[in-house]
2 protein chains.
Amino acid sequence: MNELEFIDRLKAITTHPAARGLADDVAMMPFGRHKLVMTHDMMVEGVHFLRDADPADVAWKLVAVNLSDLAAKGAKPLGLLLGYGRTSGDRWDAAFVEGLKQAIDRFAVPLLGGDTVAMGEGAPRTFGLTAIGEAKGHIVPSRSDAKPGHAVYVTGTIGDAWAGLQIATGLLQSPDIEITASLLKAHTRPMPRVEEGRALSNLVSTMMDVSDGLLLDASRIAKASGVQIEIDLAEVPLSRQFQSLLGDDQEARLKAVTGGDDYQLLLTASPETVLPIALTCVGTCRPGSGLTLHSHGERLELPEHLGFVHI
Amino acid sequence: MNELEFIDRLKAITTHPAARGLADDVAMMPFGRHKLVMTHDMMVEGVHFLRDADPADVAWKLVAVNLSDLAAKGAKPLGLLLGYGRTSGDRWDAAFVEGLKQAIDRFAVPLLGGDTVAMGEGAPRTFGLTAIGEAKGHIVPSRSDAKPGHAVYVTGTIGDAWAGLQIATGLLQSPDIEITASLLKAHTRPMPRVEEGRALSNLVSTMMDVSDGLLLDASRIAKASGVQIEIDLAEVPLSRQFQSLLGDDQEARLKAVTGGDDYQLLLTASPETVLPIALTCVGTCRPGSGLTLHSHGERLELPEHLGFVHI
């Protein structure tokens with residue numbers, strides 16, 4: 001039984017409509033006149049972060065990735081519950097708490113409770129975070145309502161976190177301190193697009209956060225909605241820092257759209273809809289299925305890996 | 001920095017009133033006209049369950065201990081989010097899912113979502129569960145409102161889970177199959193008192209679940225409320241099965257009240273309050289502080305350990 005078979009077994013016992021068939025990043029439940037939006041993500045040392053990672057960055061990312069799931073539903077974060085599996089290392093724990101404080105202050109979301117356990121000898125540090133939010137609108141975006149003709153948009157720039165990871169692991173380097181710092185920060189301190197998600201959620205046909213790579217995540221919307229999504233590589237927004245380090249050619253752009261960990265919002269909307277914040281149109285939905293990639297009007301082959309595949 | 005110092009650091013950044021200063025088992029937050037009650041507990045292989053434990057029992061207990069926290073607040077469970085840290089072992093995972101299904105069916109609470117991760121080589125299985133519930137009444141019981149003169153009650157019987165653990169670990173045995181099975185089940189398949197909690201929550205002055213031992217948990221109510229609690233050991237309800245195996249003397253009763261894992265409700269209420277379900281009065285709140293133990297009118301020394309102390 002691999003991970004997907006295991007997930008299938010869990011799906012078989014997860015029949016409540018609020019669970020959305022485990023096909024979404026969040027659970028959603030009507031509660032009074034509002035909707036509760038709930039998500040839970042785990043991070044394990046040696047799997048999701050390196051042993052020598054800055055503990056404050058680990059804490060920040062744990063909060064950010066969960067809030068990013070809420071952002072994609074336009075949900076206002078209400079609170080967090082932390083499961084903290086400790087091993088040895090007082091300084092590590094103290095630095096984690098410091099990073100957690102920075103994140104909850106920055107994102108204005110309270111830590112409400114949780115559990116602390118000692119993991120036992122030789123075990124990896126293991127953390128879980130539950131984020132609970134509130135969606136007020138009538139429409140909470142899914143991945144399945146994109147229609148042919150709808151435009152595909154992203155917030156911010158794509159590829160910075162991937163470039164930062166390359167710097168962090170020594171695979172790339174820049175002589176420019178400001179560029180290095182900016183890209184590293186995109187990797188270590190992702191910013192969930194909570195305000196943007198709330199501004200957009202009642203206007204879009206689909207929305208999700210880009211965690212595994214723009215192409216892979218776009219292909220998920222295409223599949224769930226039963227449309228073909230055409231991405232124009234030349235239109236994908238790159239930061240000045242990314243371009244300084246990697247250039248702006250097709251190879252650099254393919255790195256950006258398959259790198260992942262962007263935590264930008266990817267959304268579709270009718271082209272007539274006026275969207276209230278700055279976005280970049282990176283493609284179009286068409287009748288059909290799957291993903292196609294174009295650049296300056298020319299069709300490109302899809303790369304072998306559309307993104308980072310994990311469970 | 002030990003666990004308590006670490007918790008103190010977390011408390012310092014946990015200032016939202018919904019967190020109740022991390023002094024309670026749950027977080028509680030007004031939501032529309034209702035109250036959201038949230039709890040998160042972790043279980044780690046080798047720490048909270050044995051490597052040879054039945055995976056279905058592990059799943060059941062993970063659900064039961066979280067629902068027991070909701071029960072103590074009179075909250076109706078709305079849903080669960082599971083964090084599942086896998087290692088090797090397909091049969092293990094399949095049996096866990098089966099036990100999870102038994103628990104969510106039995107307690108009528110849906111699994112809503114969560115996360116699955118591969119833990120990496122040699123790591124212990126690590127699970128987290130978030131339970132979310134809804135408290136409807138105006139009064140959600142805390143631990144701090146017991147008053148001198150209030151009576152102390154428990155649901156069900158005390159000590160069965162402890163006796164079952166002794167059987168499971170080979171320290172005790174009974175020639176009677178029915179007794180063995182019944183006590184083992186109290187240990188492996190605890191029953192959270194959800195319905196009882198909902199029936200009681202608006203009538204009690206304090207309520208909590210007995211997880212660490214009746215005496216230890218009663219001492220926590222005494223401390224939080226600023227009262228002395230006098231427990232009458234002779235009044236503590238023991239099951240027929242417990243008495244058959246361990247007898248009914250003072251030594252057996254001391255085992256029962258310090259053993260823990262009962263997941264019964266411990267509560268205080270004005271003696272005039274008519275409580276709608278069967279309970280056993282096991283003591284009284286008096287002016288003063290701390291815990292005293294009596295039996296047939298005679299004061300006893302407190303045992304060295306009041307229960308199972310952990311974080």
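Tutor: In this predicted model, strand E6 (residues 151–154) of chain A is joined to strand E10 (residues 280–286) of chain A by four bridges, and the two strands run antiparallel. One of the residues of this pairing is Ala151(A), whose bridge partner in E10(A) is Thr284(A). E10(A) also pairs with strand E8 (residues 228–232) of chain A, again in the antiparallel sense and over four bridges. Here Gln228(A) has Arg286(A) in E10(A) as its bridge partner.

As background, strands of a sheet pair through backbone hydrogen bonds, and the pairing may be parallel or antiparallel.

Chain A is divided into domain 1, which covers 3–135, and domain 2, which covers 151–300. The C-alpha centres of the two domains of chain A lie 23 Å apart. Their contact takes 17 residues from domain 1 and 18 residues from domain 2 of chain A. On the side of domain 1 that touches domain 2, H2 and strand E3 (76–86) of chain A each supply at least two residues. H2(A) has the largest share of that side, with 10 residues. By class, the residues on this side of domain 1 of chain A are nine nonpolar, two polar and six charged.

Five strands of chain A form an open sheet in the order E1-E2-E5-E3-E4, with mixed pairing. Strand E1 (27–31) and strand E4 (111–118) of chain A are the edge strands, each pairing on one side only. From one strand to the next, the twist averages 15°. Within this sheet, E3(A) and E4(A) run parallel and are joined by seven bridges. Leu80(A) stands opposite Leu111(A) in E4(A).

H2(A) lies across strand E2 (34–44), E3 and strand E5 (126–135) of chain A, and it runs at about 35° to E5(A). H2(A) is also packed beside another helix: the axes of helix H2 (residues 55–71) and helix H3 (residues 90–107) of chain A come within 6 Å and cross at roughly 40°. The crossing in which H2(A) passes H3(A) is right-handed. The residues of H2(A) that meet H3(A) include Trp60(A), Val63(A) and Leu67(A), while those of H3(A) include Trp92(A), Phe96(A) and Leu100(A). The contact of H2(A) with H3(A) comprises 15 nonpolar, two polar and two charged residues. H2(A) thus has a place in several contacts, because it lies across strands of chain A, meets residues of H3(A) and gives 10 residues to the side of domain 1 that touches domain 2, where residues are in contact if their C-beta atoms lie within 7 Å.

The corresponding sheet of chain B may be described in turn. It is an open sheet of five strands in the order E1-E2-E5-E3-E4 (chain B), and its pairing is mixed. E1 and E4 of chain B are its edge strands, each of which pairs on one side only. The twist averages 15° from one strand to the next. E3(B) is joined to E4(B) by seven bridges, and these strands run parallel. Tyr84(B) has Thr116(B) in E4(B) as its bridge partner.

The last step is to relate the two chains. The same surface serves both copies, since 98% of the contact residues of chain B recur in chain A.

In this contact, 59 residues of chain B meet 58 residues of chain A. Among the elements that give two or more residues to the side of chain B are helix H1 (3–12), strand E3 (76–86) and helix H3 (90–106) of chain B. E4(B) gives the most, with eight residues. The side of chain B that touches chain A divides into 32 nonpolar, 18 polar and nine charged residues.

Terms used. Residues numbered from 1 in each chain as written. Chains lettered and ligands numbered in written order. Predicted model: local features only at pLDDT ≥ 70, side-chain atom pairs only at ≥ 80, totals over all residues. Contact = placed C-beta atoms within 7 Å. Nonpolar A, V, L, I, M, F, W, Y, C, P; charged D, E, K, R; others polar. Axes fitted to C-alpha atoms, helices over the stretch in contact; angles between N-to-C directions. Left-handed = near helix turned anticlockwise from the far one by under 90°. Domains from an automatic or database assignment. Pairing = 2+ DSSP bridges.
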